[in-house]
Every structure is written in structure tokens, then in C-alpha cells.
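I opened my notebook to look up a few contacts and one packing arrangement. Here is what I wrote down.

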Amino acid sequence: MRYCPFLVHNVCRYRSLNYKHLIQRLNSQSQYHQRSITSSAGTAEYDLVVIGGGSGGLACAKEAAGFGKRVVVLDYVAASPRGMYVNFRILRTQHGIGGTCVNVGCIPKKLMHEASLLGHALNDSVYYGWQTPQNITHDWSKLVENVQNYVRSLNWGHRVQLKDKEVEYLNAKGSFVDENTVKAVTQNGTETLLRAKNVVVATGARPRYLNEVSGANEFCITSDDIFSLQKPPGKTLVVGGSYVALECAGFLQGLGYPTSVMVRSICLRGFDQQMASLVTDHMSSMNVNFIRSSSPQKVELQENGQLLVTWIQSGDQKQDVFDTVMMAVGRDPVTRHLGLENTGVKLHTNGKILSVNGEQTNVKHIYAIGDILEGGVELTPVAIKAGKLLAARLFSDSEQCMDYEKAATTVFTPLEYAAVGLSEEVALRRYGDENIEVYHAFYKPLQYTVSQTPADQCYMKVICLREADQPIVGIHLLGPHAGEMMQGFAVAIQCGVTYKQLSLTVGIHPTCAEEVVKMHITKRSGADPTVTGC
Ligand code: FAD
Ligand code: NDP
């Protein structure tokens, strides 16, 4: 296969690469891949076979190759089952190597979040003296085109990195024949058998559909489709109340598409619920319409191409018409059709792989990392770190294990919510009310003052144990750039930071982050936690 010069030119634009050099490398890589497939006819031997070329699989494969091991990574992407319903035709969505994060997750999501924030900044800019024209419109197609160009550049970048690290790559679907043999089947049906001393399963998860809701499978999209949607989404219903639902609803509303979120129970289950309420309060203040205590009953296509959704709320049947309905009702692990039954690897009832020791399954040389691992955390850096640490334990004298509890995360809603460690509920359950101290503050970001942006939900809290210097067990930040703020505090938590050390730290003025080190009002005191003055 030869590579399209136009596409490669685009890739170079986005990644500051030398065009001629990259096209030479890719063409040589394509021959190399061809060689590896044909020469692998029969059975090739590997130190490590990785099934799944997403965040975890790629990181693990590259790390293992760095120890001089013979590694092959298999990646195969099934098109989204339904894709987009455009002009009465179904367009199924496909993507390249790199897994969820790169193609249909973190990266396109964060870029669309940024697009939405830029819209707010345009409004605010007037207060800072910019003669910004009113009624600026947004071009969805331009956004999708540029986001997808960047995504494609990352796909190519991954392939170049595999080549550089001497990891063999098969664009093929992997499944177990027995516990040491993996069958790779390419798109054109070519089969290759791979003998493996070790196998890492890193096949991730895909969006769930609501089979019981009539019309949901036929007419609704998921997060696998939204970032490459060819037509503007228009008035949108997002079903679900978690990360994916709230993030997508947030940027859609911010881009100017009237958005509703249908939540059957609570939002952001598993997160600190005080913070979750503030997140949704802020979204409501942006006119996101929350339809509470409801689940869709049916979705019907109307003659004009719009979708009529019916649901029950407080015993009453309700209906509304939307241009797009997006299901964000969770993700199913990709363990079916993997031939795991040929290995004896045990699964949880939810379909995820059970481990007996870190990432090791009940079959000693078969491992699972990333979203597929029961008890893990479904985040890209977690999958990457777990993959790298596993490779180091397998192929060097490292004994370093993955710590899942101290992983920080950010929900990229219009007002970002970043968290590390325990929620207040979990801290209370684990230690009891008498044994924890919660410091908190409502603060106003300086940039909101001139632009007169309401800051009612900008809030932070630090949860400490009431002993010695008060070890910190959780930090929660809600405000602009909370994700950027949290990373350094996550390091501090990793080092076992105490409230005493936090309060001895000198702030950086004037920033939002300085409010974290200045926090002194406890919830127990009942005093007003609103920050005043400079
Ligand atoms: P994946 O990245 O999903 O990779 C699995 C790969 O294996 C896929 O390419 C798949 O097609 C392939 N595969 C499956 N079966 C086979 C087979 N039989 N043979 C060969 N290949 C196979 N996390 C964050 O940290 N920050 C965020 O901001 C964030 N945003 C997100 C936004 C959305 C909309 C979603 C859906 C997720 C987001 N996540 C985020 C979560 C993050 O994307 C995942 O946790 C991460 O990608 C998991 O990595 P993984 O390696 O386990 O699986
Ligand atoms: P979750 O499993 O976290 O949430 C699923 C949501 O769908 C819940 O609100 C659930 O409600 C709701 N739901 C489930 N079934 C139905 C139904 N039949 N009708 C109505 N609602 C339903 O899934 P997500 O897809 O949001 O996220 C998956 C993972 O991806 C996250 O755990 C996270 O780790 C990762 N991710 C990370 C991001 C980041 O780091 N910024 C962003 C996005 C995802 P209920 O609570 O009632 O069950």
C-alpha cells in the first residue's frame, strides 16, 4: 500500500514533521508490515503479543520492545454498529489505530470542549475591549474537519512510533486459539497464527446501546459517532448522566446547539455528589435542559428526518422532537469473540477480565490492562501507566505495581471538575465524621471579574484526616482549567501531602490554584467559605 501524499502533507502540518522524510518512513513501514504478515504465515514466536492498539496496548508494547523483546501488537476497529442516520441513510463510523482516546475519546472531546470555551471567550472579550462582532456563528463542519485531521495525524504518529521502536503491527483482529496461540485475521481474511510467551489483552470498551428501547439502535448515535458527525447535530438529546454524557452535552450547548440531558438517577455516580450537583447547576445556568428521573421509551423517525422521543417522568408520558439523540449509557468491555473460552481466563459478570494479581489473570502468562480490567479505572493515563509498569515487571527486574486509587481525573464539563483521592462520601464512610476535616472555599476566578461572568459554582475542597498534620485524602476543584490545576496536587497526594504542608506552601498570585493553598474554613465550623478580597 502507498500512502496518499495529500493526507501525509496534512499530518505534517499538524505535527511539524518533515513531509518527505515521513512519506519515506511510512512507505518503508508499509513494506515492513507486509513482510511481517507474509513471513508470519505458519506460526511466529513472540515474547509478547498485545491484542488491542489503544492507550494501554501501545504503551505496553513499546515499553516491552524497549527491553529488546520481540513484540507484536494487533489492532482492529469494528465500525460503530449504527453510526449516523443522515438523509435516511446509515453511515457507520470507522477509525484508525490508537484506540478510544485518540479517535473517539479524550482527544476529540477535549478539542470540542476547547471550541466551546473559545465561544465563551469571544463573548467575554468584549468586556476586555475587543471590538468582537456580535452574532458570530460557528461552523460545525470546519471543527469536525480540523479535529479529524488532527486525529488522523495521531493515527499516523502511532504507526511511526511502532516502527521506530521495532514493534510489529498487524491491522488484524486477534483471538485466542489456545492459551499460547493467538490468531490474527486481517480485513481481507488473511489468517496468521502467533505463538506467545505472554499475551496482554487491551481491547477496551465500546458504547452500549439500549436494545430495549424501540428505535434506539436504528436512529441514535453514540460518542463513537459524535466527533465525526458530518452534519451539525442541531437540537440534541443526550441520554445518560455520567462523564461522556455531561462532557458532550456541555460542549454541544456551548457551541450553540440546544441540548437536553436525560438522567435516570444521579449524575456522575461515583464522584463526590456535592461537586456533581455544582457541575449540573452550572450547566443548567447555561440553559442545558436536565430531564430528571427519566429513561427513553421509544425513538421514532419522523418524515422530516427529526426524531420523536417518548419517555415517562413521574408517571406521565412526555415527548419531544430532536435532531440528534446520543446514547451515553455506559460502555461494554470488548471480550466477546476473543476466544477467551479457549484459555480458561475468568470474566466478571459484567464481561470485564478478572485479575488475580494486579493485571495478571488466572492464566499466569495472560494479562489484562486498561478499560477491559475489572477493578481498574477507565482513564487513558491509567491504561498507559499500567501497561508500562506491566512490561517493566515482565521484562526487567522491576516490581513496581500500579496504584489505581491515587489516579486524578477531570470531567471536562464547561466548568471543569477535577478530583483526586476520595470523595467526601467515601471518606465519611471509611473514616467516620469525627475523623475527617473538610476545608472548602467558594472563589471567584480573577478573569471572571472584568467579564462579569457569574462564579456561583467555582468551588474547591480538601478532605483531610483529623490526626497529626492532617494527611490529605481527597482534593476536589471546580472551575476554569481545573484539569491543569490538579496535576501538581496529584503529585502531592502521591507523596502523602498533609494539610500542614499545603498551608505552608506559598501561593502563586493571582491564580485560581493559589486558593487551594489558602483554604482555611472548615465545613465543621459552619463559617461562610466565600473567598473575599485579594
Ligand atoms: P482502547 O483505547 O479502547 O483501545 C482498545 C483497542 O483494541 C481499540 O482500538 C479496539 O478497536 C481494539 N480491539 C478490540 N478488540 C480487538 C481485537 N479482537 N483484536 C485487535 N484489536 C482489538 N480518559 C481520560 O483519561 N481522559 C479523558 O478526557 C477521557 N475522555 C473520554 C471521552 C470519551 C467520549 C470516552 C468514550 C472515553 C474517554 N476517556 C478519557 C477514557 C479513555 O479513552 C479510555 O480509558 C482509554 O482509551 C482506554 O484505553 P484501552 O487501551 O483500555 O482501550
Ligand atoms: P458510566 O458507566 O460512567 O455511566 C453511564 C451512565 O449511563 C450513568 O449515568 C447511568 O445511570 C446511565 N445509564 C445506564 N443505563 C441507562 C439506561 N438504561 N437509561 C438511562 N441511563 C442509563 O459511563 P460513561 O460512558 O459516561 O463513562 C465510561 C468511563 O469512561 C468513565 O467511567 C470514565 O472513566 C471514562 N471517561 C473519562 C472521561 C474523562 O476522563 N474526562 C470522559 C469520559 C469517559 P446510572 O447511574 O443510573 O446507572
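**Ligand 2**

I began with Ser 295: an N or O atom in its side chain is 3.1 Å from a nitrogen atom of ligand 2. I count a polar contact as a pair of N or O atoms within 3.5 Å. This is a predicted model, where local features need pLDDT of at least 70, side-chain atom pairs count only at pLDDT 80 or more, and totals for chains, interfaces and linings use all residues. Residues are numbered from 1 along each chain as its sequence is written, chains are lettered from A and ligands numbered from 1 in the order written, and side-chain values use heavy atoms, leaving out hydrogens and water.

A polar backbone atom of Gly 241 lies 3.0 Å from an oxygen atom of ligand 2. I then found 21 residues around ligand 2 (a heavy atom within 4 Å), with Glu 247 and Ser 265 among the closest.

**Ligand 1**

I found 36 residues around ligand 1, and the closest include Asp 75 and Tyr 76. A polar backbone atom of Tyr 76 is 2.8 Å from an oxygen atom of ligand 1. For Cys 101, I noted 3.4 Å from a polar backbone atom to an oxygen atom of ligand 1.

**Two helices**

Which angle do H9 and H10 make? Helix H9 (residues 243-254) and helix H10 (residues 273-285) pack at about 25°, their axes 11 Å apart. H9 is therefore roughly parallel to H10 (angles under 35 degrees count as such). Their contact (heavy atoms within 4.5 Å) includes Leu 246 of H9 and Met 283 of H10.

How values were computed:
Axes fitted to C-alpha atoms, helices over the stretch in contact; angles between N-to-C directions. Helix = DSSP H or I, 4+ residues; strand = E, 2+ residues; numbered from the N terminus. Parallel < 35°, antiparallel > 145°, perpendicular 65-115°, else oblique. Polar contact = N/O pair within 3.5 Å; in protein donor to acceptor, adjacent residues only side chain to side chain.
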